[in-house]
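The structure comes first, and the notes follow by topic.

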Amino acid sequence: MKYRSKLFKNINPFNKGMLKVSNIHTIYYEESGNRKGIPILFVHGGPGSSSSEQSRRYFDPRFYRIIVFDQRGCGKSIPSAEIRENTTFDLVDDMEKIREHLKIKSWILFGGSWGSTLSLIYSINYPKNVLGLILRGIFLGRKEDNYYLYQEGSSYYYPEAYEEYKNFIPENEQSDLIKAYNKYLNHSNLDIAYKAAYQWAKWELGLITLNPIKNIDKILSSDKKSNLELARLENHYFINRLFLNDDNYILNNIDFIKDIKTIIVHGRYDMDCRPVGAFLLSNKLNNCELKIINAAGHSTKDKPISNELVIATEKFKKYLKKQINKN
C-alpha cells in the first residue's frame, strides 16, 4: 500500500501555554490538529534544540491531536540554557505533567535523536501511557555513543571540521573534549561561553545532513541564544552520563516496552547516532519495524528522512483505526 510522504501544511495551535514544572523551570507547550484526535507528542532532540513550526507537520491534523513542547532550558521555555534542576528524569516527569495537565489517557511518542532517548526512557517508566512509538535517529545514550560523536569516531569522516572543534580547546585539555567544553560553556564570561557554544554547535550541525548545510556560519552567528542552549544542555547531559545509573539503561530495561508497537527510521549515513543503535534496539522489540534510509544522514533536513516519518504516522493512523474498529 502506498502512503502519503509529503509534509502536511503548517497549522496554528488551538491551545498553548506555559506550565511551571519546578522552582526554576517553566516549559512551553502547544496543541494543534484535531481536539478529539489521537494524541501524539513531538519530543525534540538535543537536549536543547527545541521545537519549531515544522514539528507539527508530520501529522495529519484531521486525525491527530498534536502536542509539542520545549524541554527545560530551551526554545520558548524559561529560563534559557539553565542546567540546574535539569536531568533526564526531570524531563520524563515534565512529559507526564503535560499528559496529566491536558487530561490525556495515553499517547503516541514521536521522538528523534535525543528525543528518541527520552521517549524510550519515558516509555520504560510509563508503559501503560504509551500507545506506540515513532522514533528517528536512535541515540542509546551510552558512553560509547558520546565518545564516538564528541571525541573519536565521527572525527574520521569530518577531519577538517573536527580540527576546528577540537582546537578551540587548549591542547593539554583535548584528551576529554566533553569535560573541557564543560568549563568553557559554563564560563563566567558569557562571551567565552558563546564562543564555545558556537564551536560545539558547528561541529554537531555540520554532521547531521548527508550534504553540508549551506551558510552554517551565518546561521550560527545569528542565533547565540540557540547555540548556547544546545551546546550547554547537551554537554550538561553527556558529562553526567544522562543522569542514569546504568550505561545501557534502555536496552537493559527493554522488557517493559518490548510489545509496544514501534517504527524506527534511521539514516544509513548518520554521523551523530550510528545505525547500529537502531539495529540493536529493533532486535529486542517484538512489534517493531526498522527502516534504514540509504540516501540520508541524521536530520529531518534530509528529505528521505522526513518523508519516511510522515509515512510512519500514516501507517500508525491505519493501525489505530483498525484497533478502534476492533473495540
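Helices, as counted here, are DSSP runs of H or I with at least four residues, and strands are runs of E with at least two. The model is predicted. Over residues 39-299 the chain is 39% helix and 14% strand.

**Annotated domain**
- In an unreviewed UniProt entry, the annotation "domain: AB hydrolase-1" covers residues 39-299.
- The C-alpha atoms at the ends of residues 39-299 are 24 Å apart.

**Cis peptide bonds**
- Gly-46 and Pro-47 are joined by a cis peptide bond, with omega about 0°.
- Pro-47 lies in the loop between β3 (38-43) and β4 (64-69).
- Ile-78 and Pro-79 are likewise joined by a cis peptide bond, and here omega is about -5°.
- The loop that holds Pro-79 runs between β4 and α1 (88-101).

**Positive phi outside glycine**
- Lys-103, a residue other than glycine, has a positive phi near 55°.
- The position of Lys-103 is in the loop between α1 and β5 (107-112).
- Lys-103 counts as exposed because its relative accessibility is 73%, and the cut-off for exposed is over 50%.
- Arg-241 is not a glycine either, yet its phi is positive at about 50°.
- Arg-241 sits in the loop between α8 (224-239) and α9 (249-252).
- With 42% relative accessibility, Arg-241 counts as partly exposed, the class between under 20% for buried and over 50% for exposed.

Terms used:
Residues numbered from 1 in each chain as written. Predicted model: local features only at pLDDT ≥ 70, side-chain atom pairs only at ≥ 80, totals over all residues. Heavy atoms only, no water. UniProt positions renumbered as here; feature names shortened; annotations may be inferred. Buried < 20%, exposed > 50% of the residue type's maximum accessible area, 1.4 Å probe, protein only.
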